[in-house]
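Work through the exercises below with the sequence and the model at hand. Each task is followed by a solution in steps.

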Amino acid sequence: MHAMAPSHGRHFFAHPQHPLVRTHYGRDSGHVCDICRSQLAGFAGYRCNACDIDVHEACAGYFRESVAFFAHPWHSLTLSRIPAAGIIRWTCDLCEEECAPGSFVYRCVRCMFDVHPLCTMLPQTVRSPLHPGHDLCMVPSSGSCSACHGDLPVWQYVCGGAGACLFRLHIACVSGVPSASAGDCMIADQSFYAGAAHHLGGFGGQTTAGSDYSYSTVAANKPSISTRLAKFLLKESFRVAIDAASGGSASPVLDVLQAAFN
């Protein structure tokens, strides 16, 4: 990791206490971007040594200080850093997954609404090859997935077509073939892991005779939320919708995710 010249410092609105120093992260770097939670190895970014903050150059350029987000239309959301230590477990209100301590989230303080920055990139409307006749809209609802038949989290993609079409999908199932592995699991659908552990011979952290697998084993191998979100965002159906919604301005972030994921 090599710091650039001091003239390459940047004042970052989400961390006004200190300027961030432009840094090139070596290919063996273990640093992770505190916005997208993807690896920084081999990329240029910005770092605050005093506060141990790292961000991709692309993320610093794309994510704005405040955004309007369809999942919380009442107030704008502000990019804020959550405490690096503490007893409170912060959770994204869209995907229901943990927000890493010390990372940045988009927040409405008034409503205590928090969302991962990557989750704000999920398009409100998308087309799926599983239901090509109508747009699918992300809305809060209930029910089971029309593709994999698993239970759905609160936020899901639902058919926005006219009539009594009840087609609905997990985020992970929108791109086509229903998810079938822990690496492509449905966001926030913990029943997937319980079911996987049950079929592998274990339940609730317990194993049956002759089995080396358990619910805790499957959960421990669960990919990070940033890895799973990157996989969804990079699928063609999502990327087309994101590029259309952002006018192409999200491309540098998607390119970083693609490289980091590879």
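**Exercise 1.** Which residues does Leu94 touch, not counting residues up to four places away in sequence?

Solution. The model is predicted. With that sequence neighbourhood left out, Leu94 touches Phe69, Ala71, Asp114, Val115, Cys119, Leu122, Met138 and Trp155.

**Exercise 2.** Find the strand order of the open sheet of 4 strands, and name its edge strands.

Solution. The order is 10-11-12-13, and the pairing is antiparallel. Strand 10 (125-126) and strand 13 (168-169) each pair on one side only, and are the edge strands. Now take strand 11 (residues 136-140) and strand 12 (residues 155-159): 5 bridges join them, and they run antiparallel. Within this pair, Pro140 has Trp155 of strand 12 as its bridge partner. Trp155 is also one of the residues that Leu94 touches.

**Exercise 3.** Classify the orientation of helix 5 relative to helix 6, then describe their contact.

Solution. Start with the axes: those of helix 5 (residues 236-246) and helix 6 (residues 251-261) come within 10 Å and cross at roughly 155°. Angles over 145 degrees count as roughly antiparallel, so helix 5 and helix 6 are roughly antiparallel to each other. Helix 5 contributes Arg239, Ile242 and Asp243 to the contact, and helix 6 contributes Ser251, Leu254, Asp255 and Gln258. Sorted by class, this contact of helix 5 with helix 6 has 2 nonpolar, 2 polar and 3 charged residues.

Note on methods:
Residues numbered from 1 in each chain as written. Predicted model: local features only at pLDDT ≥ 70, side-chain atom pairs only at ≥ 80, totals over all residues. Heavy atoms only, no water. Contact = heavy atoms within 4.5 Å. Pairing = 2+ DSSP bridges. Helix = DSSP H or I, 4+ residues; strand = E, 2+ residues; numbered from the N terminus. Axes fitted to C-alpha atoms, helices over the stretch in contact; angles between N-to-C directions. Parallel < 35°, antiparallel > 145°, perpendicular 65-115°, else oblique. Nonpolar A, V, L, I, M, F, W, Y, C, P; charged D, E, K, R; others polar.
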